[in-house]
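Here is a short briefing to read with the model open beside you. Shall we start with the strands and work outwards to the charged pairs?

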Amino acid sequence: MGDQREAFLCLDYGRKRIGVAVAMPPLYIALPVGVIENQKNMKDTAKEVLILVKTRGITCVVVGNPLLLEGAVSSGSKEVFQFRDVLEDVLGFPPVLWDERLSSAEANKMLKSRDMNRKQRAKQIDSVAASLILASFLASNGYSMY
């Protein structure tokens, strides 16, 4: 990591929706960009991710790993591992798993502080959570706008 030409895509995997965030050179600010509706077939969902990767020139995909609070693998982690493997086959390179503990709770807290009602928050929480996961990943890997 640390190559200042990389472009990042982060996915906050969910059974219904996958939150999406990006960070691009030169500033590497994690920005929420929306959601992908999760398809019944993981390969179909991975193909939608591939379209984003190609159209945005993404070089690194980060996938949130929903570990338990004590750091152990969760049942959600097992599904994320399967999705990561399917993504790797479709993308042709391995996605990076990154700890996403409490990202959705933090995203909800941030959106509440903006006086958004539940319906408004529901539309944005997945992509905001993805941006928080990506910001954590970037900070831990030496990407900073400062």
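In this predicted model, strand 1 (residues 8-12) and strand 2 (residues 17-23) pair in the antiparallel sense, with five bridges between them. Leu11 faces Val20 of strand 2 across this pairing. Strands of a sheet pair through backbone hydrogen bonds, in either a parallel or an antiparallel way.

- The five strands make up an open sheet in the order 3-2-1-4-5, and the pairing is mixed.
- Strand 3 (31-37) and strand 5 (96-99) are at the edges; each has a single partner strand, so one side of each has no neighbour in the sheet.
- On average, neighbouring strands of this sheet are turned by 30 degrees against each other, direction ignored.

**Helices on the sheet**
- Helix 1 (residues 42-56) lies across strand 1, strand 2, strand 3 and strand 4 (60-65). Helix 1 runs at about 145 degrees to strand 3.
- Helix 2 (residues 75-91) also packs on the sheet, where it touches strand 1, strand 2, strand 4 and strand 5. The direction of helix 2 makes about 165 degrees with that of strand 4.

**The chain as a whole**
- The chain holds four helices and five strands, and along the sequence they follow the pattern β-β-β-α-β-α-β-α-α.
- Of its 146 residues, 41% count as buried.
- Taking contacts between residues at least 6 apart in sequence, 62% join residues at least 24 apart.
- The accessible surface of the chain comes to about 8,100 Å², and carbon and sulfur atoms account for 53% of it.

**A nonpolar patch**
- Leu27, Ile29, Leu31 and Val33 form a nonpolar patch on the surface, and together they have about 320 Å² of accessible area.

**Salt bridges**
- Side chains of opposite charge can pair when their charged atoms come close. How many salt bridges does the count come to? The count is three.
- Arg15 forms a salt bridge with Glu79, and their closest N and O atoms are 2.7 Å apart. This pair links distant parts of the chain, with Arg15 in the loop between strand 1 and strand 2 and Glu79 in helix 2, 64 residues apart.
- Are the two partners buried or exposed? Arg15 counts as exposed because its relative accessibility is 63%, whereas Glu79 is buried, at a relative accessible area of 16%.
- Asp126 forms a salt bridge with Arg17, and here the closest N and O atoms are 3.0 Å apart. This pair also links distant parts of the chain: Asp126 is in helix 4 (residues 118-140) and Arg17 is in strand 2, 109 residues apart.
- Asp126 has 13% relative accessibility and so counts as buried, while Arg17 is partly exposed, with a relative accessible area of 31%.
- Asp85 forms a salt bridge with Arg84, with 3.2 Å between the closest N and O atoms. Asp85 is partly exposed, having a relative accessible area of 38%, and Arg84 counts as partly exposed at 23% relative accessibility.

Notes: Residues numbered from 1 in each chain as written. Predicted model: local features only at pLDDT ≥ 70, side-chain atom pairs only at ≥ 80, totals over all residues. Heavy atoms only, no water. Pairing = 2+ DSSP bridges. Helix = DSSP H or I, 4+ residues; strand = E, 2+ residues; numbered from the N terminus. Axes fitted to C-alpha atoms, helices over the stretch in contact; angles between N-to-C directions. Contact = heavy atoms within 4.5 Å. Patch = residues over 30% accessible without salt bridge, like charges linked within 9 Å, V, L, I, M, F, W, Y side chains within 5 Å. Areas by Shrake-Rupley, 256 points an atom, 1.4 Å probe, with all protein chains shown as cover. Salt bridge = Lys/Arg side-chain N within 4 Å of Asp/Glu carboxyl O. Buried < 20%, exposed > 50% of the residue type's maximum accessible area, 1.4 Å probe, protein only.
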